Amino acid sequence: MVRITEALVRKKSEHNERLISTLEELSLHQEDIECIEHVQNWCRELKILLLQSNLIARLENLNKLKRLEYLNVAINNIERIENLDGLESLNKLDLTLNFIGELTSVESLRGNYNLRELLLVGNPCVDYPHYRDYVIATLPQLQNLDCVEITPSERLEALRYLNRHRRIIVQRQADHAIERDEQRIRVAHQQAKLAEECADIEDEEERTRAFWNAKSEHCPEIRNEIARQHKLGKERHDSKSESSKPPKKRNVNLFAPCGRPYNMNQAKLPFNFQDESAEYRLELEVYKYLDTSLIDVDVELNYVRVTVKGKIFQIAFGEEIIPNESTVQRSQTTGHLLIVLKKVKPNEMLAIKPKKAASKKPEDKLEQKQNGQHNLTGLVDISNICLPPDLPDLI
């Protein structure tokens, strides 16, 4: 059984910023609701209430809705009109396609002085003789019945024969009440028999097919059973779809518990990373014909993350960088990605290069030669060095 809950009402009141106390229109159609409740206490300002296509069996708990102008309870399981005398502003009442057989229950609407439109199409009472004349004469405030305008002459004619028509209708609705009791018993036996047949069927799909292939009558009990089967079928379908879904991907941890970024290469892309004195240079061999819109680069203080078609490449740095002064370029020839990341503090040790020996002037060389100084240059060939004769053999 579906209940009218506060969560459901707030969900249906999104057009009013989910405020239900000031709500003027509420639509609760096709929710399989079986009982009207709480609405008159939560939504006192309602002017339009739509409850069509549910499983409501009785009109109740609506008397506090003094401003309600339009009530739609079409396609439900209602069998008589009642408990609407408190709806002082009711202008239109739609009871299409219900099971109203007690036509004299329309007399309960005499106190609804503002009622102008009434729809009873699709109810058993519509087939009663003199149905229209009786309703027109009983409710003098009506202007339209079943979307047909009521003329003054038609009303005068109906009022002339009201008592006679009422006696006929009372007899006809008594016969309908007997038929309805017999139908309840007959449907109960049919449902019990069908339940026994389905119990012997092990296959769930075959059991469901047997239910839908069985003959049934149009009555509230069958509508309730059909709604129950629909709900079971939906639950089975949802469970199958959940089981057929691929397993959820494992969440990738991009950082260690201490906050240090991990190095990872989900796309398995070749790369070249260079640590220079004032900058880091990262060359990532992205696919040549990959659209650049599928590449996302995120540069942070101590790491850079490149997402290629949803796969992550991440590398951490030993020194902090300046994200705003970093550059990202992509080669139009190879498609490779070049990321240059400027360091906050350049590394002076990497900047030191060996100095070349200064070439000496010829005058300096001549002076060293006169003083007996010789500069040894070039490589020494140790293979020509002779061993001393007294050197013992190596053990």
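Which residues lie nearest the centre of the largest pocket? I looked this up before anything else, bearing in mind that the model is predicted.

**Entry: the pocket**

I found Leu 194, Cys 198, Phe 211, Glu 225 and Gln 229 nearest the centre, out of 22 residues that line the largest pocket. I noted about 460 Å³ for its space. Then I checked which elements give two or more residues to the lining, and got helix 5, helix 6 (204-213) and helix 7.

**Entry: the chain overall**

I have 9 helices and 15 strands on my list. The chain has 395 residues, and buried ones make up 33% of them. I also looked at contacts between residues at least 6 apart in sequence: 47% of these join residues at least 24 apart.

**Entry: the cores**

A reminder to myself: in soluble globular proteins, nonpolar side chains tend to be buried together. Here I looked up the largest nonpolar core, which has 49 residues. Leu 49, Leu 71, Leu 95 and Leu 118 are the members that touch the most others in it. Helix 1 (6-11), helix 3 (131-138) and helix 5 (162-199) each put at least two residues into this core. Helix 3 has the largest share, with 5 residues. I then found another core lying apart from this one, with 19 residues, including Leu 282, Leu 290, Ile 321 and Ile 339.

What does Leu 95 contact once its neighbours within four places in sequence are left aside? My list for Leu 95 runs to Leu 59, Val 73, Ala 74, Ile 78, Ile 81, Ile 100, Leu 118, Leu 119, Leu 120 and Asn 123.

**Entry: Ser 105**

I went to the loop between strand 4 (92-94) and strand 5 (117-119), where Ser 105 lies. Is Ser 105 buried or exposed? Its relative accessible area is 4%, and buried means under 20%, so I put Ser 105 down as buried. Leaving aside neighbours within four places in sequence, I see Ser 105 in contact with Arg 80 and Ile 81. Ile 81 was also on my list for Leu 95.

**Entry: aromatic rings**

How many aromatic pairs does the structure hold? I have 6 down, and I wrote up two of them.

Phe 255 and Tyr 303 make an edge-to-face pair, at 5.5 Å centre to centre with 75 degrees between the planes. Phe 255 sits in the loop between helix 7 (220-244) and strand 8 (264-265), and Tyr 303 in strand 12 (residues 303-308), so this pair ties together parts that are 48 residues apart in sequence.

Phe 273 and Phe 317 are my stacked pair, 6.1 Å centre to centre and 5 degrees between the planes. I place Phe 273 in strand 9 (residues 271-275) and Phe 317 in the loop between strand 13 (311-316) and strand 14 (327-330), so here the parts tied together are 44 residues apart in sequence. Phe 273 comes out as partly exposed, with 28% relative accessibility, while Phe 317 counts as buried at 10%.

What lies over the face of Tyr 280? I found Lys 343 there, at 4.6 Å from the ring centre.

Conventions:
Residues are numbered from 1 along each chain as its sequence is written. This is a predicted model: local features need pLDDT of at least 70, side-chain atom pairs count only at pLDDT 80 or more; totals for chains, interfaces and linings use all residues. Side-chain values use heavy atoms; hydrogens and water are left out. A nonpolar core is a set of buried Ala, Val, Leu, Ile, Met, Phe, Trp, Tyr and Cys residues joined through side-chain atoms within 4.5 Å. Buried means under 20% relative accessible area, exposed over 50%, partly exposed in between (1.4 Å probe, protein chains only). Helices (H or I, at least four residues) and strands (E, at least two) are DSSP runs, numbered from the N terminus. Contact means heavy atoms within 4.5 Å. Rings of Phe, Tyr and Trp (its six-membered ring) pair if their centres lie within 6.5 Å; planes under 30 degrees apart count as stacked, over 60 as edge-to-face and the rest as tilted. A charge sits over a ring if NZ of Lys or CZ of Arg is within 6 Å of the ring centre and within 35 degrees of the ring normal. On a 1 Å grid over the protein atoms alone, a cavity is a set of points where a 1.4 Å probe fits but cannot get out, and a pocket is an open set with protein on both sides within 12 Å along at least five of seven lines; lining residues have an atom within 4 Å of a point. Grid points are joined across faces, edges and corners, and a volume is the space filled by probe spheres set on the points.
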